[in-house]
Amino acid sequence: MLIGKGIPNEYKGDYKPDVSYEPIPIYDNIIWNYNSEALHILLIAPSGAGKSQFLRYLGGMVLRRQHMLHVIDAKNSDLGRLFRHIGVGVAVETDEIIKMLTKIVNEMNERYSKYFAADNADIDANFTSLGLKGEILIFDEVLAALGEADKKQKAEIERLLGQLALKGRAVGISLVITAQKLNATDLPKSITEQCQTRIILGAVVSDETFHQATGYYKKDIAGAYKGGVGKGYAITPKSDGLAYIETPQMPEKTSDYIMLFKELRDRGTPYGEGR
Ligand SMILES: Nc1ncnc2c1ncn2[C@@H]1O[C@H](COP(=O)(O)OP(=O)(O)OP(=O)(O)O)[C@@H](O)[C@H]1O
């Protein structure tokens, strides 16, 4: 399936009322399969490279599949305002961010004790076989959030994120972590190493950021580097190395998103935190 041009067909078609675990298509054979080891996404994109638009797409797809969406919007941007407007829980300030992360970690631990602690628990079970909703957290601009926090708060954010990254999979907790750039010491390896879906967008990306994001160097790319607005590279355990991608185009106007997302909301059962 090749998407990347026009409003994705994914938004159209018959609505299925049940929770769906269908992977979310991104481009060509690159998909976001949150029912796999590649459920956590690390998305790196400098300003203006189309990150917000891509996050709106991913968030909309999560809602369409009836999962719970949480958003951390450390820069208090349009993205957070849009999701808040349609009823999704959005955290902006450091204390709100810690509160949201704590709540998701608690949910994760409750799921573990409910479904996996008993002696007779099915060790092969996961959230899909248990029929649970996924809990997806979009953490936009993680470095801005860490930069705003004091030392103790920073350690706490990293600790909570690390737990979600490490233990979230079986119980359906998936992270989408974004930053504009990434140096080796910006984020603990315990978090980044768990993000097995890596995406980088944009024309102007340093070699260091490209390497930290993908594990490759720009010079490894066959042909010229083709990053741009909504264009870049992805790597997943199934992608056989770096794959060129274009992110799906979405409506230009915020009002159109609101219509689109309200439509998704009103066709389904309640989602998100704020409703
Ligand atoms: N896949 C795409 N194809 C074509 N244009 C795109 C695509 N994605 C985004 N754009 C356009 O690029 C511009 C910037 O997009 P967006 O606001 O998503 O970027 P951003 O990286 O979040 O920027 P900032 O960090 O400055 O907010 C918008 O005008 C948007 O319409």
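These legends accompany several close-up views of one predicted model.

Local features need pLDDT of at least 70 and side-chain atom pairs count only at pLDDT 80 or more, whereas totals for chains, interfaces and linings use all residues. Residues are numbered from 1 along each chain as its sequence is written, and side-chain values use heavy atoms, with hydrogens and water left out.

**View 1. The whole chain.**
The protein chain holds eight helices and ten strands. Both are DSSP runs numbered from the N terminus: helices are H or I with at least four residues, strands are E with at least two. Of the 275 residues, 52% are buried. Buried means under 20% relative accessible area, exposed means over 50%, and partly exposed lies in between (1.4 Å probe, protein chains only). The chain exposes about 12600 Å². Carbon and sulfur atoms supply 49% of that area. Areas come from the Shrake-Rupley method with a 1.4 Å probe; for residues, only the protein chains shown count as cover. Take the contacts with a separation of 6 or more: residues 24 or more positions apart account for 72% of them. A contact means heavy atoms within 4.5 Å.

**View 2. The annotated region, residues 27-210.**
An unreviewed UniProt entry lists residues 27-210 as "domain: FtsK". UniProt positions are given in the numbering used here, feature names are shortened, and annotations may be inferred rather than shown by experiment. Over this stretch the chain is 41% helix and 19% strand. The end C-alpha atoms are 19 Å apart.

A polar backbone atom of G48 is 2.9 Å from an oxygen atom of the ligand. For Q53, a polar backbone atom is 2.8 Å from a ligand oxygen. At T247, a polar backbone atom is 3.0 Å from a nitrogen atom of the ligand. Taken alone, the ligand exposes 630 Å², and the protein buries 67% of that. A polar contact is a pair of N or O atoms within 3.5 Å; within protein, one must be able to donate a hydrogen and the other to accept it, and residues adjacent in sequence count only if both atoms are side-chain atoms.

**View 3. E141 and K75.**
E141 sits in the loop between β6 (135-140) and α4 (142-148). Its phi is positive, about 60°, although E141 is not a glycine. The E141 side chain meets that of K75 in a salt bridge (4.0 Å, N to O). The pair links distant parts of the chain, 66 residues apart, with K75 in the loop between β4 (68-73) and α2 (78-85). E141 is buried at 8% relative accessibility. K75 is partly exposed at 47%. Both residues belong to a network of salt bridges that also links K51 and D140. A salt bridge is a side-chain nitrogen of Lys or Arg within 4 Å of a carboxyl oxygen of Asp or Glu. By this rule the count comes to nine.

The R111 side chain forms a salt bridge with E107 (2.8 Å, N to O). These residues are four apart in helix α3 (residues 94-115), so about one helical turn separates them. E107 is partly exposed, with a relative accessible area of 26%. R111 is buried, at 7%. R111 also meets E135 in a salt bridge (3.6 Å, N to O). Because R111 lies in helix α3 and E135 in strand β6, this pair ties together parts that are 24 residues apart in sequence. E135 is buried, as is R111.

**View 4. H67 and G134.**
H67 is found in the loop between α1 (51-64) and β4. Its relative accessible area is 0%, so H67 counts as buried. The H67 side chain reaches the backbone nitrogen of G134 at 2.7 Å.

**View 5. D28 in the loop between β1 and β2.**
D28 lies between β1 (24-27) and β2 (30-32). D28 has a positive phi of about 55°, although it is not a glycine. D28 is partly exposed, with a relative accessible area of 43%.
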